[in-house]
Every structure is written in structure tokens, then in C-alpha cells.
Amino acid sequence: MKIFKVKSIQSQLILYFTITIIIPAIITSIIGVKIINDQVIRQAENKVLSDLNSAREVYQNSIQNITNITRMTAVRSLIIKALENKDINFLRQDFNKILKREKLDILTILDEYGNVVYRGSNPDIFGDNLKSNPLIKNCLTRKQIISGTVITPADELKKDSPELAERAIMKIIPTPKAKQRTDTLETAGMFLKTAVPIFNESGQFIGILLGGVMINRNYEIVDKIKKLMYEQSTYKGKELSTATIFMKDLRISTNVKNEDGSRAIATLVSEDVFNTVIENGERWIGDAFVVNTWYIGAYEPIRDINGEIVGILYVGTLKLPFDDLLRNSLLTFLGIALIGIVMVIFVSYRLSKKISAPLRKLETIADELAYGNYNLDFQCNGPREIEHLASSFKNMAQELQKEKLELEEWAMTLEKKVQERTDEIKNIHAQLFRSEKLASLGKLAAGVAHEINNPLTGILTNASLILEDLEPNDPKREDVEIIVKETIRCREIVKRLLDFAKQTQPQKKLININSLIENIILLVRNQASFRNIQIEKYLDTNIPEIMVDPDQIQQVFINIIINAAEAMGKGGKLLIETKRDKSGNNITIVFKDTGPGIPEHLREKIFDPFFTTKESGTGLGLSISHGIIEQHGGTIDLDSKINEGTTFMINIPIKQQ
Ligand SMILES: Nc1ncnc2c1ncn2[C@@H]1O[C@H](COP(=O)(O)OP(=O)(O)OP(=O)(O)O)[C@@H](O)[C@H]1O
Ligand SMILES: [Mg+2]
């Protein structure tokens, strides 16, 4: 499957490696963060629930504490006595001490009918009956300690203490999201109260001692709860934990602080919590925005002795540490993923470079090979497979180079052979042409010569007879001598013509060419035309004897030697050489003179019959010689340079046909 269109190995490797790490990294991060989130939320909720339990414990302990103080006071004999004797003075002194020492807000003693005998908090008002008070009523009928949370209305409060009534008054601060109230002022007080029955020494019920603490603006309980929840109190300048006691839906005691540092009382609980806790009597746990920060909060109802819901106990733990924990773990996950990705990119980059660099080099090598450059550096440092590939490239290049050289050599040989063959064919053609020309000319010449020969003989015989008859000083003698001389010359021409035309079959016998040449030299050396000619011979003594017609071959050699001597009229050097040719099948005889050379345009013609540049030449010497050599199966070639000389080369096959 092709995910992206990427070209190079390097980018493909990096891309696929990165995708391979990014997808698991994202999945792991999501799952990990979700697990941690769930864990953190569960942990936070557990924490806040356990805090709520502790808070309830503190609340209950506070009631128990009041009960203990009140009970211990109620059993004292001095108190019993003072009640029986209505000793107000003693009660005043004693109650003042207890109120101060035990930080009670109210301490009231009543007779067995529920009439107030003495009010520690307000000694001036007494004698009123408190039977209607549910706590007192219960105690009167059951003669047992009755304790719990009680809401005391303002008129009753005023009796207990105008100061308490004053402390209880709260101007309700309008609160967003809260269930709005119709009233704007709260005047009732919320109390933790205990009613303890008093019995005299004979066990007779003689009255009730009522002790209590008003919670409104009393922060002892909430601060105790807060202290229990966390050792330290703040986190990043915010309260780590908070506790609040609501009278019905109104905050009357809390350690939540306003921006100005004052306690955030007199605000209302949110409508959501109101409905769950006060209306339905259930717990509420969730995120709560308190004053200016998010808390994870838990609320539960506070009930009076009749089980009626009269308030709410709240604890909250700051959400920030949990958010930080979550964020830190998310960052850790992302950090690890990022490091992983960077490492994978780095590793894949290195790896791909290791693979692609030698591949790129191979590519260059292949390009160079394509251009026919074989001298290359085939060293490729990379994975084993690529190194193998490089060495295969090297072998291939060597083979290619070898074959190319062979091919070039072969082409050159072929060219040479073609040239040789072409030259051979050209020569054969030229010779054929010449032979045909000579043959037809020969026939013509033979006919003419035959016709001329008889009249010539007649002329010569008669002219000779006339010459014999003439006196030595006869003036005609000179003319007749010219007739005789010219007639002899004519007869010579006719004779040569007949020789040429005869084309007689050669009478072959085994002869040594070297000795033939030696004889010829002996013959010609003393001739006048050879006086100024220096003859040099290089005769190869290893050449075999060959089957030739010695007379005819001698005639050929003499023709050529005389031509050379005639060409070098003022003197020169004639070089005669015999040898075996390169093929070893022929004997080559070379005649090289230092004459004036033959002009190029005449070279083709010198073998033609009657072609001569000499005044008294017949022009038949070379054409006869050519015919003879041809009849011996050989060839006659010429090489000439103007002002340097002429070379004739005769090849005669050693094995005659
Ligand atoms: N060695 C040479 N140097 C220069 N020219 C030469 C040589 N050999 C031959 N020739 C030229 O070739 C011509 C033909 O030679 P060829 O032997 O057939 O006839 P010729 O020598 O002229 O006459 P003839 O042989 O009858 O005396 C000569 O006239 C001369 O021009
Ligand atoms: Mg000649």
C-alpha cells in the first residue's frame, strides 16, 4: 500500500519509521492519560469522601464534647444543691467560669417543669418555660440526655443572649447559580445543643442543664476539619482544603476565604446541591467553583434530633494539585513520545543514509558505466547486500571492458582485412584488364608482324646485296646503310612483336633465382650503359629453387635492369634483393634504382604495349615482362617516387600450379 508519494529511500524510511512510532505513541498517550485521569478523579473523590467522613466525625465530636461538659456539670452535687435551693449566686459564679473555660455559648439550668432557673448567657431573663423546645420536651419526657443540631429562631436567641442574636444576623449575599431566597436577612442561629437531666441524691428528677454552642460565625469546627484533611494548608497560594457548615442553604461557618481574606460567609449553596442535598437528602460529589477556584467538593445533609434536614456539611479539596498531576503525566507521556519520535527520526535518518549513500554511489557508477567509463572506484561501504552488489558491478564492468576491447580489436582486424581484400581485388581487376588488353593486342600484332615479316626480309636481303655491290666511297652507300640499319630495327620490332604475341607456354625447370641474377649481372656489368651504375645485391641464400622458364625470367629481369640503367643515365645505384615474402609462399625479387621516378599519371600506362618515353624504345619491354610473370602465376608491382627512384617488385609463387 502506498501511503504517501515519496521518492527517495531515505525519506521513505524516515516517514514509515516515524509513522510506526507516532501512532503507538498517540494511542499510548491517549490511553495512559485516560487511565491516569480516571485514577486521579477516583483518588480525588475517595479523598473528598474520606474527608467528609472525617468532617462528620469532627462535627459529632463537637456535639459529644458539649454533652460531656454539660453532663459533668449536671452531676456535680453543688449544682444539684444550688438548683434545689435556687442559689442563683452560686450558679452565676460557677456558670461564668464554665462558659469561659469551655467556650460554651449557652448554659441554662431549668427546673423539673422546664422553667428557666438561671441563664448563664443572659442572667437577667429567667422564669420562662422552654417546654415547647423539642430538645427540652424530649428530655422532660424521656429523662435522658438529648443532643443534636438545633435551629434557634431570633426571638428565642434574643432571650438567650442579645449578643448571640446579633452574631447570628446575616445579610444574605446574592449568589449566582443559587436557588434564590425571598428573604434577604437571616436571623436564626444554628446550635449544637445538649439537654442533660439532673437528678438529686435520692435519684429524683429535679431539672435539666442545657449547654450549647452557636455555629454561626464560629469557625472552630471548620478549622478543625480543615486541619484534619491536609497537613499543609495552601498549594500555590490557594487553600488546599475547605470546610463549610450551612444553616439550611446559607454559609454560616467556613474557611473559604474571599479575595480580601475575610471568611466567605452569608452566601448560598448552588441550586444543584440544594436540590440533591436539602430536597432529596442525598450526598453530592463533584467539581465546585468556590469563590475563585475549582474544588472537588462533597456535601451531605445535617439533620436535627427529629431527622429534619437543617443544614449541610461540606468539604472540598483543591482541584489544582490533581490537575497538575494530570498535566504533568500528560507532559511526561508527550515528552517520552517526543523523545521516541526524535530518536526514531535520528536512527532512521542514520540508517537510511547508510543505505542510500552507497546506493547513490552505485547509481553514479551505473551512469558512468553507461557512458563507457570503466575506470571507477567501486568501493561501497554499506550493508553487506549493497557491498555484494558493488562487487557484482565491478565484475560486470571488467567483463564489459574486456569485451569492448575485444570488439574494438576485432573491428580493426576486420577493417584491415577488408582493406587487404579490396586492394587484392583491385589488383586482380587491373591485371585482368591488362591481360585482356594485351591478349587482343597480341593477336593483332601477330597478324600485322606476319604480313610485314616477308616484305621486310625481301627489303633487307636486297638492300644488303646492293650494299655489297657498292664501292666503299660510293655516295649512295650511306643511304643504303641507313636502309639496312632501319630495316634491321624494323625486323627486331617485328620479332619482339611476334615474341609478345606468341605467348608460348613456359618451359619450366627448377632453378636458383640467385644464380640467375648473378649471371645477368655478369652479362650486363660490362655494357657501356652500366659504367656509371653501382649494383648492390642482397640475395637471400635460404630461398628455395623454383620451377620457372629460365629464358623468360631472365628476359624479364634484363628488361627491368636495362630500364633502370636507362633511367639513371648519368649514374646511380641499382639494388637487387631476393627474399621470401611474409606469407612464405612466394619469392620476392626487388629492383630498386635511384633514377628520376615515374610520374603518377604514367604509372598505369608503363605496362601497356608500345608505351615508351624513349626515342628508340619499342615500349614492349614491360608489357612482355608482365605477360611472362603472369604466366608463372606471379605478380609484378611498382613503387615510385619522383626524384628518388623506382622500385619493381616481382612475386613468383614457390609452388607452381
Ligand atoms: N626504371 C625506370 N625508371 C624510369 N622510367 C622507367 C623505368 N622503367 C621503365 N620506365 C618507363 O617505362 C617506359 C616503358 O618501358 P618499356 O621497357 O616497356 O619500354 P622502353 O624501355 O621504352 O622500350 P624498349 O624496352 O623496347 O627499349 C619507358 O619508356 C620509361 O618511360
Ligand atoms: Mg625497356
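## A tour of the predicted model

Among contacts in the protein between residues at least 6 apart in sequence, 66% join residues at least 24 apart. Keep in mind throughout that this is a predicted model.

**Whole protein.** The protein has 15 helices and 21 strands. Its radius of gyration is 76 Å, well over the 26 Å that the globule rule gives for 657 residues, so the protein is more spread out than a compact globule. Of the 657 residues, 29% count as buried.

**Helix H10.** Next, select residues 384-469, which make up helix H10. Within H10, pick out Gln-398. Is Gln-398 buried or exposed? Gln-398 has 12 C-beta neighbours inside 10 Å, and a residue with 12 or fewer is classed as exposed, so Gln-398 counts as exposed.

**Helices H13 and H15.** Move on to residues 550-567, helix H13, and residues 621-631, helix H15. The two helices pack at an angle of about 145°, and their axes are 9 Å apart. Their crossing is left-handed. To see the contact itself, show side chains on both helices. On the H13 side, select Gln-552, Gln-555, Val-556, Asn-559, Ile-560 and Asn-563. These meet Gly-621, Leu-622, Ser-625, Ile-628 and Ile-629 in H15. Coloured by class, the residues of this contact come out as 5 nonpolar, 6 polar and no charged.

**Ligand 1.** Leave H13 and H15 displayed and centre the view on ligand 1. Which residues come nearest to ligand 1? Of the 20 residues around the ligand, they are Asn-563, Ala-567, Thr-612, Gly-617 and Gly-621. The elements giving two or more residues to this shell are H13 and H15. H13 gives the most, with 4 residues. By class, the shell around ligand 1 divides into 7 nonpolar, 11 polar and 2 charged residues.

**Last selection.** Finish by selecting Asn-563 and Gly-621 together. Both belong to the contact of H13 with H15, and both are among the residues that come nearest to ligand 1.

Definitions and conventions. Residues numbered from 1 in each chain as written. Chains lettered and ligands numbered in written order. Predicted model: local features only at pLDDT ≥ 70, side-chain atom pairs only at ≥ 80, totals over all residues. Axes fitted to C-alpha atoms, helices over the stretch in contact; angles between N-to-C directions. Left-handed = near helix turned anticlockwise from the far one by under 90°. Contact = placed C-beta atoms within 7 Å. Nonpolar A, V, L, I, M, F, W, Y, C, P; charged D, E, K, R; others polar. Rg over C-alpha atoms; globule rule 2.2 N^0.38 Å. Buried ≥ 20, exposed ≤ 12 C-beta atoms within 10 Å, placed from the backbone. Near = placed C-beta within 6 Å.
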